[in-house]
Amino acid sequence: MATASKTGNMLEKLVREGSFKWLLSKRSYFGKEFEEMRMSSSTRKSWISELSPFANTVVRRCSKILDIPTCELQKCFNEEAFDSIKHQSRYARNFLEYCCFKALALCVQQMCDLTDKKFRRLTYDMMLAWETPAAASQPLLNVDDELTVGIEAFSRIAPAVPVIANVVISENLFEVLTMSTGSRLQFSIYDKYLGGLESAIRRMTTQSDSSLLSAIRSSRREKILEVDGTVTTQPVLEHVGISTWPGRLTLTDHALYFEALRVVSFDKPKMYDLSDELKQVVKPELTGPWGTRLFDKAVYYKSISLSEPVVMEFPELKGHARRDYWLAIIREVLYAHRYVNKFHITGVARDEALLRAVLGILRLQAIQDISSLNPACYETLLMFNLCDQLPGGDLILETLANMSCTRELDSTNNYTAVNGMSSVSALVMVSNLGLVFGTSSSAPHGTSFAVGEIAVGEISVLERAVKESFQVVLARETVDRVKVDGVDTNVAVMKGLLFPVLEAVKLLLSLVYWNDSLKSLLFCLVFGYVIWRGWLGYAFGIAVLFLAIFMMITRWRNQGRPIDALKVTAPPPMNTMERLLAVQNAISQVEQLMKDGNIFLLKLRALLLSIFPQATEKLAITLALMALVLAFIPIKNIILLTFLETFTRYSPLRRGSAERWTRRLRDWWYSIPAAPVLLQRQKEVKKKK
């Protein structure tokens, strides 16, 4: 009683001080629930001190759905969860996820209805509570701001309802939904998206229940996903060889069908199978009258079952968004079947794999209904298309296949996994929406296939594979962002990047030329002693170790800080003539380097072929002496002598003699004639008229 009284006093104090008056005035479900919790004495007893007011209201609503008292939910969580999940720093968010997943699993299995405004608001409020789960959490907005959701909360809660999103595409879906709202999701947009999704599901159900292609599709229980060409003003044109036919194009979850348009009806449909391994090729294609390639508005289809390829054209006044949409959804079905065939997935796991492709197409249709979508976004919202493009996308599909095999094994052992620690599967939800896929969709709901892609307080192997793949994508995007145009600008950036190396080279040259005699003398003594004692390997090892230590210290100091951008002074802009002159100058310098290289090779050829006998004899004697030195003198002494020769050449004691020997060597090289070169021109063969 004391605890309940204390909780009630705290709630009244929060409202009296105005901390939540703005929330109550928004007419949101949070406000209504919070008011009920303040007024009800029984609810005060269920107040969980570890949770924020937001999280407490969501947990209370989950408790109502499950018909389990809040204290019992907390007791079940404490008994089922691992110790790491119940750690104090993560307890509030993990317990909130537990309640959300458990409530959503029940909603999905029994009464899921996307038209239900309460269900839509529940999922959105779960995301809001996820961002501020702990008692110490504060709302991430001001009084006048609208409640909005961030990408982490969306990516965590939305995949728990598989129709709304999945782990692979959730971040891309969030970016599309928040393109006009500054990377924060508003409920109005989220509500429109779910409305569009419900309409897409209803439209697909109506199409599949119609008589369209019913006789052909009955054996595989195919579902019609999209139809185009029903309007005479926007037909689909099929090109086979030199013949062209307008007609209607239909995509199912197994094949592509084209029905040529006759006078008052459609001809018998032709099927292009996407489910068998027929080495299909689906790509964009150019079309035009009389074989010209002018319009980029067609899809090219080829397989080993066809004698010649087929081209499906989607005419439109401007752009090629219609073609891009069809190209993406055809590939999604094709890639889904390739995934199934590659990993030999059967049974319920096969149905769920195809369902992932179907749900991706439904989401794409829903977004098209509520906003104008950039064609470049089509493939990023379809899981199998995205995995085909992502670096490491094959690893994501392999992880998904392993998860499916594990679930099928658990299903064979009658393992029950619906305990609230994991999200629900897509197949269970869609079955309750009235859609039946495949031949195995009558599997019992209590099997491990009711387990989805995310689990409470854990990062699943699928999530980890997706994050690693996206990290590579982000790294590749940074490469694209730092690319600059212009030779002079790229040279400036390269100088900025190589500044430490250039400074090290300058320091080394100053030691070689004895600009500071004391530093050069100490350098020669220290490194000469290291070489003499055979410590050269240790010296390189210590240098590498210091580099590793420097990197770790830098990582520790910069943890959580933004990366400092490289500051480069851009060269003054050049006009077109100056750029042409710069390019010509660069080409001239490269040409001169090539000439010098050819002269060097020709002189070397003259020495080897003894065109200049005196120089050849001197070179042969020098090479013989070098061979004797390498054969009888230890390599350590040779390295030491080479080091001392290099770094003492310009010392005060040796400078004069070194310059004389350098001059004599240069004169000797200049005295060697180059080997002759004979250029032969190919004779032009004149064609007879």
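This is a predicted model: local features need pLDDT of at least 70, side-chain atom pairs count only at pLDDT 80 or more; totals for chains, interfaces and linings use all residues.

Trainee: Over how many bridges do strand 9 and strand 10 pair, and in which sense?

Mentor: As a general idea, the side chains of a regular strand alternate between the two faces of the sheet. In this case strand 9 pairs with strand 10, residues 310-313, in the antiparallel sense over 4 bridges, and V299 is the residue that stands opposite M312 in strand 10.

Trainee: How many salt bridges does the structure hold, and which residue forms one with D191?

Mentor: The general point is that side chains of opposite charge can pair when their charged atoms come close. The structure holds 19 salt bridges. In one of them D191 is joined to K117, with the closest N and O atoms 2.9 Å apart. That pair links distant parts of the chain, since D191 belongs to helix 11 (residues 187-209) and K117 to helix 8 (residues 117-131), 74 residues apart.

Trainee: Is D191 buried or exposed, and what is the relative accessibility of K117?

Mentor: D191 has a relative accessibility of 13% and therefore counts as buried, the cut-off for that class being under 20%. K117, at 47%, counts as partly exposed.

Trainee: Which residue does the side chain of D296 meet in a salt bridge?

Mentor: The side chain of D296 meets that of R323 in a salt bridge, at 2.8 Å from N to O. Because D296 lies in strand 9 and R323 in helix 13, residues 321-342, this pair ties together parts that are 27 residues apart in sequence. D296 is partly exposed, with a relative accessible area of 31%, whereas R323 is buried, with a relative accessible area of 2%. R323 also forms a salt bridge with D324, at 2.9 Å from N to O, and both R323 and D324 are buried.

Trainee: Which residues are linked in a network of salt bridges?

Mentor: R61, R121 and D125 are linked in such a network.

Trainee: At what angle do helix 23 and helix 26 pack?

Mentor: Helix 23, residues 576-608, and helix 26, residues 655-670, pack at an angle of about 80°, their axes being 11 Å apart. That makes helix 23 roughly perpendicular to helix 26. The contact is made by F600, K603 and L607 of helix 23 together with W668, W669 and Y670 of helix 26.

Trainee: Turning to the backbone, which residue has a phi near 60°, and where does H344 lie?

Mentor: Most residues other than glycine have a negative phi. D67 has a phi near 60°, a positive value in a residue that is not glycine, and D67 lies in the loop between helix 5 (53-66) and helix 6 (70-80). At 68% relative accessibility, D67 counts as exposed. H344 likewise has a positive phi, of about 55°, although H344 is not a glycine. The place of H344 is in the loop between helix 13 and helix 14, and at 67% relative accessibility H344 counts as exposed.

Trainee: Where is T57 found, and is T57 buried or exposed?

Mentor: T57 is found in helix 5 and is buried, with a relative accessible area of 1%. The C-alpha atoms of T57 and W47, which are 10 residues apart along the chain, are separated by 9.1 Å.

Definitions and conventions: Residues are numbered from 1 along each chain as its sequence is written. Side-chain values use heavy atoms; hydrogens and water are left out. Two strands pair if DSSP finds at least two bridges between them. Helices (H or I, at least four residues) and strands (E, at least two) are DSSP runs, numbered from the N terminus. A salt bridge is a side-chain nitrogen of Lys or Arg within 4 Å of a carboxyl oxygen of Asp or Glu. Buried means under 20% relative accessible area, exposed over 50%, partly exposed in between (1.4 Å probe, protein chains only). Axes are lines fitted to C-alpha atoms, for helices over the stretch in contact, and angles run from 0 to 180 degrees between N-to-C directions. Angles under 35 degrees count as roughly parallel, over 145 as roughly antiparallel, 65 to 115 as roughly perpendicular and the rest as oblique. Contact means heavy atoms within 4.5 Å.
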